[in-house]
Amino acid sequence: MTAAANTHFAPPAPPALPDDDRVVGDATSVGAPAALAAAAAAALLAACGGGGGDSASGGPDSDPQNTVPPTEPEAARFLGQAGFAASASDLASVKSIGFSRWLDQQFDAARTQSHYDWLVAKGKGAEANRYSLDGTDATLWRKLIGSPDQLRQRVVLALSEIFVVSMNGLPIAWPQFATAGYVDMLEERCFGTFRELIEGVTLSPAMGVYLAMRGNRKEDAKTGRQPDENYAREVMQLFTIGLSQLNADGTPKTAAGKTVDTYTLQQITDLARVFTGWDFDIDSADVNGLDFSYMKRPMRQNASRFSTGEKKVLDTVIPATADGAAAMKVALDTLSAHPNVGPFIGRQLIQRLVASNPSPAYVQRVAAVFDNNGKGVRGDMRAVIKAILLDTEARQRSTAPGGGKLREPLQRMIQWARTVGLNSPGDLWAIGDTSNPSSRLGQSPLRSGSVFNFFRPGYVPPNSQLGTNNVTAPEFQLCNESTVAGYLNYMQGLIGNGVGDMKPDYTADLALAADAPALVRRHAQLMAGGDLSEATITTIATAVATIKSDTDANKLNRVKASWLMVMAAPEYQVQK
Amino acid sequence: MTHISKLPALRRREFLKRASAVSIAGTAAPWALQLAAIGEAAAAAAPGDYKAIVCLFMYGGNDYGNTVIPYDTANYQAYANIRQALAIPRDQLAATALTPSLALPDGRQMALAPTMNRLKPVFDAGRLGVMLNIGPLMQPTTLAQYKAANVPLPPKLFSHNDQSSLWQSSRPEGATSGWGGRLADQFLSSNGNATFSCINVSGNAVFMSGGQAVQYQMSAGGAVAINGANKSLFGSAACAEALRGMITGERQHWMEQELNRVTARSVNAQGTITTALSTATLQTPFETNGNGLASQLQTVARLIGARASLGVQRQVYFVSIGGFDLHDNLMSQQPVLLGNVASAMASFDAALVELGVAQNVTTFTASDFGRTLSSNGDGSDHGWGSHHLVMGGAVKGGRFYGTAPTVAVSGPDDVGQGRLLPTTSVDQLAATLALWMGVPATDLPGILPGIVNFTQKDLGLFTG
């Protein structure tokens with residue numbers, strides 16, 4: 001897609017912004033990276049509503065976002081992007097301290113019990129569970145729904161959809177601990193640097209198994225055996241640089257009208273030799289015991305299986321003298337330093353949190369922060385996440401016909417669950433696998449069908465106005481005649497009865513149930529952050545009001561009907 | 001009603017059956033209206049003119065080397081030397097060694113994977129053909145041309161998502177129409193109900209989207225009704241009605257509109273599909289336990305059995321099975337997957353014979369790409385050309401199509417480690433299927449722009 005094709009989906013420039021904002025639109029013409037970074041840093045401040053001229057992207061005090069307390073719908077809308085739900089405490093907090101400080105607090109929020117430790121505490125490490133996923137879905141739901149650090153949980157879910165591992169593809173002993181160790185690693189590294197993150201991903205036992213890097217051996221001239229190319233290919237195609245050379249705004253570079261490949265088959269074959277010699281950090285004599293702690297440690301290098309001779313990562317030569325760890329370092333340093341990473345990963349993070357079809361200028365602003373956080377650090381994930389969430393294009397409600405994003409089914413369910421305070425008193429979290437497309441969500445955490453995620457970042461729904469206008473809308477890859485029905489039926493069951501020991505708390509709703517418009521407005525505000533029109537609120541309220549409110553049972557039906565209709569409303573399902 | 005005598009016997013019989021059904025259902029309707037209904041019923045329900053293609057996609061890139069295996073002594077030995085630990089012992093291939101009606105040149109012999117034994121009788125019965133070394137090509141390409149990169153090559157070779165898209169649409173990821181859908185575009189007007197022109201029983205595939213044709217996606221279990229929009233929502237009919245209106249109405253925002261369009265299609269089609277499946281009878285057993293593909297093909301067979309009530313004359317179906325990206329565990333997992341494919345296809349073949357439509361339905365396999373012939377220790381890596389199957393009563397089966405590749409690393413067909421440079425293009429297969437469906441040769445470029453680069457547009461897969 002060209003920049004030109006994209007620009008008209010950008011929301012109109014906000015009237016009150018300072019002139020600095022113009023710089024961003026013209027940034028492609030600024031040649032020097034330093035100038036670009038400065039422009040972007042200025043734009044970030046501008047995007048925050050002030051533009052005080054401080055070229056460093058600054059601490060919270062320099063952030064003018066905090067000077068104006070957001071309204072309740074604005075705060076709820078922000079929480080729908082920066083987390084999952086507008087819980088009462090988060091709403092109050094955002095309204096009192098502002099967007100940027102709330103993000104700072106969330107960056108520093110304590111982590112709750114790790115997935116690994118929870119599984120151990122629940123006895124899932126018994127011999128009978130050696131090949132079992134028992135407990136894995138439960139602990140993922142436990143944190144996605146129950147953990148207060150919702151920014152971290154939201155970002156981890158997003159990262160799990162970029163650096164995809166699926167528990168369905170782990171045919172090894174202790175797959176539950178491999179999955180747990182992987183998600184714990186994402187939690188630990190999601191607010192560090194990209195370089196730390198990609199190393200964590202690369203050396204994690206789960207990814208090692210999922211993309212066959214674990215156990216990958218050097219070539220053997222006698223038998224003709226070659227190193228496995230799987231990880232070498234996907235670490236480039238999916239996790240760092242992508243298939244095509246990108247401009248800083250995420251649009252593809254072209255030569256003679258064609259996109260330019262980032263690598264050749266030969267370069268994959270070369271890189272595959274770097275990713276040899278790694279295996280679980282446990283001695284083979286011990287693998288039949290009950291020590292599965294290697295699933296939370298990086299894999300370790302076995303020099304006898306490491307490819308000999310000179311190697312290459314893209315055009316960078318790795319000398320034959322480099323051992324496995326040193327070669328790996330050069331490979332990851334080189335890939336992480338590639339100019340594609342900022343726009344490639346930045347655009348996908350925007351898509352996961354804010355909008356399916358961000359303007360090139362938005363991607364460029366985020367990519368510039370990725371390249372330099374203002375203090376010379378590349379790939380500072382905190383700065384990148386802040387840049388994404390505080391950008392004008394995120395903070396302004398989109399009015400473009402292709403703006404926003406279809407909330408993914410998981411996001412809708414988790415948002416509702418958090419909003420109604422779903423909790424598992426028995427610490428069971430027995431929601432299970434929600435992958436079934438015709439009876440559940442057609443999507444379940446860490447259960448993608450392949451490393452290509454539930455949906456592709458470039459997906460454009462065919463035969464639609466989105467297709468005609470070439471608007472990417474990844475989540476629509478999951479949207480079909482079965483899943484639209486499966487989602488509504490599943491939510492009707494959850495809203496009606498909860499699941500297992502997890503029961504929705506409708507106390508606040510029941511207090512409003514006699515007043516149908518007030519009830520519906522509450523749900524609309526919490527879930528849609530102002531995206532539901534007055535007409536839709538009236539339609540729902542009118543229908544809800546036909547249910548009597550004379551008994552507790554009838555009031556409860558009003559509450560449930562309102563929840564389902566709000567969650568069914570297209571204005572809600574598409575987050576603006 | 002003299003004009004009706006011009007209908008072929010089969011059509012007239014069907015017409016009379018339909019006519020009586022319509023007249024019973026609509027005794028109170030004005031005669032003119034009834035006539036119109038009868039005309040539509042007859043047009044939509046002529047079974048002699050029914051044709052469907054079924055794309056069976058093996059996601060992940062199936063390893064060709066262990067699917068159709070060299071069996072003559074010399075080539076088996078070359079295969080075993082290259083594959084090492086990935087070689088299937090020759091004695092295990094005896095039962096599935098193929099005896100084609102037209103022998104391969106140079107004494108070449110091939111065998112199906114041992115777990116595909118259920119397809120051997122279908123091959124022997126002449127309803128299954130094997131297409132050798134087929135894959136996406138922009139034009140006929142020699143190895144020298146590939147190495148020099150002096151002719152157009154398929155973009156993003158060896159990449160899963162792009163090559164599965166190329167197989168389905170002739171374009172890499174991001175394509176918005178596939179050749180199955182574009183083929184269906186040609187027939188939308190002859191289908192009484194266009195919604196059921198393209199039915200995907202396994203999710204979403206670009207193959208099935210045309211310029212106008214929209215894929216109808218359902219699960220193997222059938223169409224799903226939206227409970228809350230049906231009669232009442234939490235006891236309230238008014239809420240159910242409001243819900244129904246809200247999720248199916250026209251919207252201004254493009255994403256909301258697309259969401260509601262899908263939902264409206266779901267609501268509108270659900271009753272028809274459910275009724276059709278409830279009336280369809282099928283005796284042929286499918287081994288659906290642990291084999292989702294068998295469930296999908298069973299549902300396709302039942303839908304084909306109910307084609308009259310779906311109002312269709314030309315259909316495109318899509319079914320799929322995943323798990324073929326076997327960089328590891330090739331020897332333990334591929335046999336299971338191929339066994340599932342063979343079992344599902346053999347049952348499907350038997351079901352179509354039972355329904356009397358074996359001549360009317362053609363099934364073909366496809367996959368992201370083939371793989372390397374050389375081993376990475378426990379599996380193989382992404383390749384290009386591969387061997388595929390084509391099945392149906394109209395297929396001249398019991399034989400091979402295309403050219404058997406040289407079994408060699410760095411051989412004349414190898415672009416690296418036994419990745420095959422295809423000698424037959426997917427466009428040629430697509431054109432052959434389109435011609436069989438009744439697309440005029442002059443219309444082929446509209447469906448398959450790349451076909452103009454190939455002299456041979458019909459692979460000769462079909463009888464008559």
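A: **A loop position in chain A**

A:Asn470 lies in the loop of chain A that runs between helix H21 (465-468) and helix H22 (481-497). The model is predicted. The backbone at A:Asn470 has a phi near 55°, which is a positive value in a residue other than glycine. Is A:Asn470 buried, partly exposed or exposed? A residue needs 20 or more other C-beta atoms within 10 Å to be buried, and 12 or fewer to be exposed. A:Asn470 has 16 C-beta neighbours inside 10 Å, so it counts as partly exposed.

B:Asp106 is not a glycine either, yet its phi is positive, at about 60°. Because B:Asp106 has 9 C-beta neighbours inside 10 Å, it counts as exposed.

Helix H10 (residues 175-189) of chain A gives a view of a helix instead of a loop. Of the 15 residues in H10(A), 14 are buried, so that the helix is mostly covered by the definition used here. What span should H10 of chain A have at 1.5 Å a residue? Its 15 residues should span 21 Å, and the end C-alpha atoms are 21 Å apart, so the two values agree.

As for confidence, chain A has an average pLDDT of 90, and 88% of its residues score at least 70. Residues 1-62 of chain A have a pLDDT below 50, and this stretch has 111 contacts in the model beyond near neighbours in sequence.

Chain B contains 14 helices and eleven strands. It has 464 residues, of which 58% are buried. When contacts in chain B between residues at least 6 apart in sequence are considered, 71% of them join residues at least 24 apart.

The two chains also touch. The contact involves 67 residues of chain A and 64 residues of chain B. On the chain B side, helix H6 (160-169), strand E6 (216-217), helix H8 (237-248) and helix H9 (254-279) are the elements that give two or more residues. H9(B) supplies the largest share of that side, with twelve residues. By class, the side of chain B that touches chain A is made up of 33 polar, 23 nonpolar and eight charged residues.

Terms used
Residues numbered from 1 in each chain as written. Chains lettered and ligands numbered in written order. Predicted model: local features only at pLDDT ≥ 70, side-chain atom pairs only at ≥ 80, totals over all residues. Helix = DSSP H or I, 4+ residues; strand = E, 2+ residues; numbered from the N terminus. Expected span 1.5 Å × (residues − 1). Contact = placed C-beta atoms within 7 Å. Nonpolar A, V, L, I, M, F, W, Y, C, P; charged D, E, K, R; others polar. pLDDT = per-residue confidence, 0-100.
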